[in-house]
Amino acid sequence: MIRYNKQARILALDNGSIGYAIYINDAGYLETVYFGKSLGDYSDFTCARKAGEYATPRYSVAEGRDVGYRDGFKADCAPLEISPHGLTDKRGAPVIIRGEDGSFITDLRYRSHRRYKGAPEIPGLPHAHGEGCETAQFVLEDRALKVRAHLYISIFADKDVIVKSFSFENYGKKRVKLARAMSMQLDLPRADYDLVHFGGRWSKERDYNCNPVVDGVQEVSSNLGRSSAEENPFVFIKEKKASFDSGEVIGFNLIYSGNFKFRTFVGPFRGLHITYGINDEDFEWALAPGANFYTPQAVIAYSAEGIDKMSQTFHRFIRENAMTYVHDREYKPVLFNSWEGCYFNFDTDLILSYIDDACKLGTELFVLDDGWFGARNSDRAGLGDWQVNKSKIDLHRVMAHCRERGLRFGIWFEPEMVNPDSDLFRAHPEYTLGWGLDEISLSRNQFHLDFANPAVVDNIYSQIKAFLEEYKVDYIKWDYNRTVAEHISRAYPADRQGEIYHRLVLGYYSLIGRLTRDYPDIMIEGCASGGGRFDMGTLYYCPQIWCSDESDPAQRIDIQFNTSLGYPLSCIGSHVNDSKMASYSAKAALALFGTYGYEMNPNLLTEGEIAELSATAEIYRAHHNAVIENGTLYHICAPYEGNYMCMQCVSSDKSASVVLFMNKLKELERYRFIRLKGLSAKKRYRNTLDGAVHTGDYYMNVGLNISDTWLTEFNHRLIVLTEE
Ligand code: GLA
């Protein structure tokens, strides 16, 4: 897949479907001469090139002769892998290294490269893995500083994905500082794209925002210490006319859970200059002699056939190459979570009654949420004290009750936090981030623990381990209910405070990494005030993430649909709750297009509601694994474009499909056929809407007739198609 033409100095990564080509120019800069559909043959890029000239394409129409040349090469108008910093190229370099003299000038030039099978290991960080991948590793050296940069570019045989990252190595005798260390640069020769990003807030995560790429700078970023509800690291650019089925679309994501910055720049030469990686705000990393620094990996998915092809590529990549939970492809149990039913107000008897009633809904995994430990009877106390509150709950009895009924059992943790009213804080106030300041910001009555300090991580690890040794749980919900405010750690000297944001993320990964290694059978579900840390870094450890605290379809339709543009349904934690705006069957149908579970007071359900919900649990059991978890997702109608939403999943053998149509506002006398996708043209399928049997061709060209005279709010059709 990776070929190097020594004479032309063109390295091409090509999997037969996409291609990426780099020219090593005379000055030692890496020019990104091509990224797009596979070309197979890259010899055209060497045409008519004389020493000192550009490989095609270049951005500049006229070659300036006055400023900006170094070694006969003018860097600011060429598509590059790494723009130099401090020279004439002011588009925004992905890397800035400061020498001991305080200089910012960073000029990394080619020294060598190699190709190998497999993906690089990134110590301390989650990273892509898997078969069928090849990597090109370039070694570059700074012209003045004794720093080596390694640029890794991987291509996958069966997915249209490029993964990029850097590592930096100080081989000199003096300390240097990384003032910016992003994961990638991508320069494209045209800029007439739309930029789609997923901003939002608590309870309204991942809103669809589509804006033209404009001249100058645009940025999608988080500086909240987590990937955040306010912006998600998944973004894509698309040709303006692109639809779900057609047009060029390039998606980006980062295997990382902390501050990120996706930045575009369009300058006088009209090309699109993209940099992506760790946010450089308040970032500074000291690189001692002999030390290395690794950036997280950026993942780029290319599609020449619309948004869905990019989505499906990310879905497969995340499941097959980013996740490491060993049981992900197996059947996932129907989950019941106690939170919205009783919040902190429970005792053993109430939880036992919840378990009994949850069983009637087809529950297979019962989860006791917040409130079981320390003095945790409200969100004011207890975080940091991970010992069972035995006066409140007899956890052994609860677990035995679950086991007797054939249920698995799970429990809630929020490991990175501490309440000021806790034994941990009283014993170790210095474990708190920002400790020593006049005042530390409280959020939800809690402080952020200093996870940059390994002693703090060790303390929490020992506490959780002691719990897990005594209580053999099957599942952990790992919450993270505030953002980082004062990013100051007393465990580091004054001149290393620029490392804290990143070190907090490394602390998170080190704890969750240790626990997943120690307890590989425990499934961990990520959570952060709902979906505030929904990212590929977390998915490396957690096969699913609670998508949002908002389960009311009024907002949930958008949240779930938009999330599924970049993330597989198998990881989208979704429950039926008792929000009043929609029926249980509508909420259950929506939850089915995710991991499916419940979160309400089960004691209050009527017989009719129990029957309705268990009927959906039956559909879950019959079709979830093959169709929704492991099938292919098609987006048919986007809720951000109109009054309704439609998604469809098809099993990989195309023998079954599940379709969900849902409208938002009331509609009268609507005549409507929905054209399905992804079926086998000649196979015959019976549908549960009208019981008819038609060919795949019929469904994909005539469509499913869902005309109705009166559609009320959140009226929906959940339709199963099975091969006859
Ligand atoms: C967060 C989560 C909820 C619940 C509470 C418990 O808000 O998103 O699902 O676990 O914390 O405090």
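Where is the place of Asn-389? In this predicted model, where residues are numbered from 1 along each chain as its sequence is written, local features need pLDDT of at least 70, side-chain atom pairs count only at pLDDT 80 or more, and totals for chains, interfaces and linings use all residues. Side-chain values use heavy atoms, with hydrogens and water left out.

Asn-389 is placed in the loop between strand 24 (365–368) and helix 4 (395–404); helices (H or I, at least four residues) and strands (E, at least two) are DSSP runs numbered from the N terminus. With a relative accessible area of 12%, Asn-389 is buried, a term that denotes under 20%, against over 50% for exposed and the range in between for partly exposed (1.4 Å probe, protein chains only). Residues up to four places away in sequence aside, Asn-389 touches Trp-372, Phe-373 and Gly-374, contact being heavy atoms within 4.5 Å. A polar atom of the Asn-389 side chain lies 3.2 Å from the backbone oxygen of Gly-374.

Pockets were identified on a 1 Å grid over the protein atoms alone, as open sets of points where a 1.4 Å probe fits, with protein on both sides within 12 Å along at least five of seven lines; lining residues have an atom within 4 Å of a point. The largest pocket holds about 500 Å³ of space, a volume being the space filled by probe spheres set on the points, which are joined across faces, edges and corners. Its lining comprises 26 residues, of which Pro-123, Gly-124, Leu-125, Tyr-509 and Tyr-541 are the closest to the centre. Two or more lining residues come from each of strand 21 (292–294), helix 7 (500–518) and helix 8 (536–541), and helix 7 gives the most, with eight. By class, this lining has 16 nonpolar, eight polar and two charged residues, where Ala, Val, Leu, Ile, Met, Phe, Trp, Tyr, Cys and Pro count as nonpolar, Asp, Glu, Lys and Arg as charged, and the others, Gly among them, as polar.

The second largest pocket has a volume of about 410 Å³. Among its 22 lining residues, Trp-202, Arg-444, Asn-481, Ser-529 and Asp-549 are the closest to the centre. This lining divides into seven nonpolar, four polar and 11 charged residues.

Around the ligand are 13 residues, with Asp-369, Asp-370, Lys-477, Gly-530 and Asp-549 coming nearest; the criterion is a heavy atom within 4 Å. Oxygen atoms of the ligand lie 2.7 Å from a side-chain N or O atom of Asp-369, 2.9 Å from one of Asp-479 and 2.8 Å from a backbone N or O atom of Gly-530.

How values were computed
Polar contact = N/O pair within 3.5 Å; in protein donor to acceptor, adjacent residues only side chain to side chain.
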